Amino acid sequence: MKPFDYVRPATVAEAVAAAAQPGATYLAAGTNLLDLMKGGVSRPDRLVDLTHLEGLDAIERLADGGLRIGALVSNADLAHDPEFAKSYPVVAEALLSGASAQLRNAATVGGNLLQRTRCAYFYDTASRCNKRDAGSGCDARGGENRTHAVLGWSENCIATHPSDFCVPLVALGAIVEIEGKNGRREIALDELHRLPGDTPERDSALEHGDLIVAVRLPPAARGFAAHARYLKVRERTSYAFAMVSAAAALRIENGKISEARLALGGVAAKPWRARAAEDVLRGVAPTADVFQEAAWRALTDAKPSGDNAFKIALARRIVVRALTLAAAGTPARMPALPASPFASTSGAIHA
Amino acid sequence: MPELNLTSAPAHLRHGSNIGQPLTRRDGILKVRGQATYAADNHPPGMLFAVMAVSSIARGRVTSLDVTAAKCHPGVVDVMTPDHKPPLAIDPEIKTNPFVFRMEVLQSNEVRYANQPIAVVIAETLEVATEGAVLLAPRYETLPALVGLDAGESFVPPVVGVGNPTENHRGDVEAGLALAEKHIEAVYETPPQYHNAMEPHAIVAAWDGDSLQLDMPTQGLMLSLARVAELFGIAHDKIHIRSPFLGGGFGSKGFMAGPQVLGVMAAKLVRKPVKLVLRREQMYGPVGHRAPTRQRLRIGTDGEGRLTALDHHARTVSSTFDDFYEPAADASRTLYAAPAIRTSHDAVRVNTGTPLFMRAPGEATGSIALESAIDEMAWACGIDPLAFRLKNYAEVEPMTGKPFSSKALRACYEQGAARFGWSKRSLQPRRMRDDSGLLVGWGMGTATFPALMFQAEARAAIRRDGRGAMEIGAHDMGQGAWTALAQIAADAVGLDIDRVEFKAGTSDLPDAGIAGGSAHTATAGAAIHSAGAAVIAKLADLATGDERSPLFGAGNAGVIARDGRLIRRDDESRSESYAEILARAGVAEVEARGTGAPNPAAMEEYAMHAHGAVFAEVKVDPELGQIRVTRMVGAFAAGRIVNPHLVKSQLFGGMIWGMSFALHEEAITDRRSGRIMNANLGEYHIPVNADVPPLDVITVEEHDPHVNALGIKGVGEIGITGSAGAVANAVWHATGVRVRRFPIRIEELLK
Ligand SMILES: Cc1cc2nc3c(=O)[nH]c(=O)nc-3n(C[C@H](O)[C@H](O)[C@H](O)COP(=O)(O)OP(=O)(O)OC[C@H]3O[C@@H](n4cnc5c(N)ncnc54)[C@H](O)[C@@H]3O)c2cc1C
Ligand code: SF4
């Protein structure tokens, strides 16, 4: 392995200072970063270990009704926090559908947001990859790309962002708190991940040395708890990334959808908030026809980037199903197979 | 305790006190506590670490390696390259026997496949060696890679599998098809798959002058030893290999692999012990794999649904430099009674490591195609798939006309179907749903695997303290040899299992043959059985020939051995303990050897196969295409069951692998570069716990007096066959969509 410095700051300020130098990278649980280092994909000169920072591991209810989740809270602790799971069931379900129990025990909130794509050509240092090595080309184009993006991709990169957690977060309008060399700022999660355009080497809107300190859910996010589901189609029941996933959250009042939130995973370089589809759903009764219409809207701009046209059809069906499940109501208990089509706890799907 | 009736068992042995018991693994506690020493757990003093640099191209030549950069890295001791390596005694390209495969041990700078070793960095730590390998920054002259089943001119290989004829036929297939009332033709594809044993190939090599100590996992201690001896030009007795435990092998550890030879070379180069362990991705190249296949089946039936012809052709691939041909079509030689059968193969050469035996080689690939095709044929005839199979039940081996040494397949069908509830199946596909609207499908497949025997030797002893010993260089790959063979040994010497010192897993013990072909328990067991019989006979000679013994005059066959005593057959009140016999004779121990080997006369006369029937239930989401196996029942007849507990584990493992074959496993190869893009266990999918449904295994009683002295057929591989087809057929039954490319992908069900 390439030699590197390892520093373990105790405070956020120390961490940001330690990460200022070129070649420095933050290390959280390392479930992604260490794999990248072992494969020679990332070759940092300095690791700034975040795991001993004070005060980043809390889940706090805010006075305004919002929630603040520290960047070091583990995926498992968050998903299993009873209050969190009750208020944001769609996020808990997404978390529990990701990776494996062992990985979730380790993986952090911040790391999950900033995990890199799973594009095989990105991981394979002998392949050309614009994301890993700017301007080198993209071997995924014309290669084995049935799992690649159908939305928001460019000629330069067709990779997807693999996080499950981010999908409901973006649907619920999460906000990311960032500490950088110029102090604290915050951005919508929807603006954190970038579409590739001409610069696929830049995954996110973060500047070098920016530290995510927390993710915040605004007060309104709580309003969807009764009708919110995450659905993830994957090639095995657990321990697999989404082929396509969707988070659907509805506020239903007097038989009508007063507000809808919808986002897709596995389809683009960012968690894909489908605002046009949300518009279709607002103010109407939750019917199969409306859900179909929303699904079409969500994927109007989709186009295959390779052998993956099926993902568009699949995404539409997943949207319809996720909305149907959400409308049927959040189950009282977390399904045994979270987010799986086989998790269905009622016979309502095919009435 | 049941008395077991053995045909060729000497009359004085009574079996059943140990064999047949569901003992848990005797090495289980060690493993759970982390005390079982696997090869890579060894750290001889002064040991260095070797890491391979492997090729990132699939075809061409290495033009430069930055050896200087690697050597300058602090802690790097040496870099082994084609220009700097210890000489070998023979050219590794020479195939000294058919079981020698060509390997890359830095004999040239040619690259023949991706992940081929191109240099070895030896360093004081693993991390340093790893970075040293990166610093080599190889450059290449790249040639276009040959990739896939259509890569080039096809040819007909001289043999497939282990010396099987490429083509077989009986009757006139074309005439049979012409005559058929109904017929189907279908093409199935199976992908390349990799063994992916949990334990990677590893070696710790320590030279002492011209003596060599090796710790390495191997399924063939003696084959490995012979290969090392010839490559390094040293005598067999100078080499000692320890392989007490394997973390799985599945065929990939049968022969000395190139990387393991590199470990021995590295130790020689630096004159220190060296450890070399493959990284997971390095296992996708130099250590074998299951080749992809494209199989065309043509089947015809008469008006009653009886087969008139069965034609099975398989295209496969081998490497550009050696020959191993997945004998996929051979699956059709033994299972269904067609008057006309043809099996044939052809192949193309591609830039891959040479394919190799992988759990049920040929049978697994062939079975999923054959069982799918039989299912398609049954549907075309409008007959229930089980009824169709029974209609075409082979009473004699179809291709040879030989009777079976035993065949309890009918009982497997019956018991499996009853347990599964098969009679409630709808004939039509896409007719069954569960309460939540998911499509439900039921499928079945017939399982079969040949009952093979190799050659083995064992040494048995009875000691003055009344205890016994059994020595055999057998291999425990996780299947439970430490337990099952010890059970056979205990019965063989008439002692309780705890009173027999059972030694296995090192090369200084008698040759147990290779642990492959599902034949290890049968082969090693037969050797143990015969060594036990021989040592008991010697002991009996001591007693029955001595007038001071209560057994005097009973004659060798007039005594039985039980619980550490020899007992007069005609008068059980007269007996003497082993200790007493040896004490009086003034002998410290009696010792004898025994062998296990195939019986050519029986093989000439009988077809020998294990059989089974697997039933699977899947549920499929009608819109999303996601598949889930919800139930599997397998009923298997495999002769004598030495340890029901271990046998069930083997069959469970096989059934899960079958489901993996149908739904998950595939090495994704870049169509341009020939490189494998998912060479890791995150992305090379095998079922996880959440995928595996309740499995039900029935072992059907089967008595086989012909296969070997103990009537054992072997259970290591049969579980995959039948299971893969059963799952595929269940997917069709659930959805009405016949997917002929495996693994079945979601997109095929979305159409
Ligand atoms: C086999 C496997 C399967 C998986 N399956 C899934 C899945 O199905 N769904 C899914 O969503 N995920 C999956 N994952 C990914 C997993 O969720 C991520 O690896 C994990 O969330 C990363 O968290 P971490 O704390 O280990 O991050 P690390 O690996 O430590 O860091 C990841 C990146 O984030 C940066 N970083 C970390 N924290 C901060 C911070 N606070 N501020 C700024 N930068 C930071 C690091 O510098 C690094 O670049 C899988 C992973 C593996 C290995
Ligand atoms: S899709 Fe993006 S990540 Fe993948 S190879 Fe192309 S540029 Fe790299």
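The following questions and answers look at the salt bridges and the ligand surroundings of this predicted model.

User: How many salt bridges does the structure hold over all chains?
Analyst: Side chains of opposite charge can pair when their charged atoms come close. Counted over all chains of this predicted model, the salt bridges number 90.

User: How far apart in sequence are the parts that A:Asp139 and A:Arg128 tie together?
Analyst: A:Asp139 and A:Arg128 form a salt bridge in which the closest N and O atoms are 2.9 Å apart. Both residues lie in the loop between α8 (120-123) and α9 (166-171) of chain A, so the parts that the pair ties together are separated in sequence by 11 residues.

User: Which strand of chain B holds B:Arg342, the residue paired with B:Glu174?
Analyst: The side chains of B:Glu174 and B:Arg342 meet in a salt bridge, with 2.9 Å from N to O. B:Glu174 lies in helix α4 (residues 173-179) of chain B, so the pair ties together parts that are 168 residues apart in sequence, and the strand that holds B:Arg342 is β17 (residues 341-350).

User: Are B:Arg745 and B:Glu666 buried or exposed?
Analyst: These two residues form a salt bridge, and their closest N and O atoms are 3.2 Å apart. The pair links distant parts of the chain, 79 residues apart, with B:Arg745 in the loop between α15 (723-735) and α16 (746-750) and B:Glu666 in the loop between α14 (644-663) and β29 (695-699) of chain B. As for their accessibility, both B:Arg745 and B:Glu666 are buried.

User: Which polar side-chain atom lies 2.6 Å from an oxygen atom of ligand 1?
Analyst: The closest residues around ligand 1 are A:Tyr26, A:Gly30, A:Thr31, A:Thr108 and A:Asp164. A polar backbone atom of A:Gly30 is 2.7 Å from an oxygen atom of the ligand, and a polar backbone atom of A:Asn32 is 2.9 Å from an oxygen atom of the ligand. The polar side-chain atom at 2.6 Å belongs to A:Thr31.

User: How much of the area that ligand 1 exposes when taken alone does the protein bury?
Analyst: The ligand is surrounded by 33 residues, and by class this shell has 16 nonpolar, 12 polar and 5 charged residues. Taken alone, ligand 1 exposes 970 Å², and the part of this area that the protein buries is 94%.

User: Which element gives the most to the shell around ligand 1?
Analyst: In chain A, β2 (24-27), α2 (33-38), α7 (109-114) and β8 (211-217) each supply at least two residues of the shell. With 4 residues, the element that gives the most is α7(A).

User: How far apart are the C-alpha centres of domain 1 and domain 2 of chain A?
Analyst: The domain assignment of chain A gives domain 1 (5-52) and domain 2 (226-328). The shell around ligand 1 draws at least three residues from each of these domains. The distance between the C-alpha centres of domain 1 and domain 2 is 36 Å.

Note on methods:
Residues numbered from 1 in each chain as written. Chains lettered and ligands numbered in written order. Predicted model: local features only at pLDDT ≥ 70, side-chain atom pairs only at ≥ 80, totals over all residues. Heavy atoms only, no water. Salt bridge = Lys/Arg side-chain N within 4 Å of Asp/Glu carboxyl O. Buried < 20%, exposed > 50% of the residue type's maximum accessible area, 1.4 Å probe, protein only. Near = heavy atom within 4 Å. Polar contact = N/O pair within 3.5 Å; in protein donor to acceptor, adjacent residues only side chain to side chain. Areas by Shrake-Rupley, 256 points an atom, 1.4 Å probe, with all protein chains shown as cover. Nonpolar A, V, L, I, M, F, W, Y, C, P; charged D, E, K, R; others polar. Domains from an automatic or database assignment.
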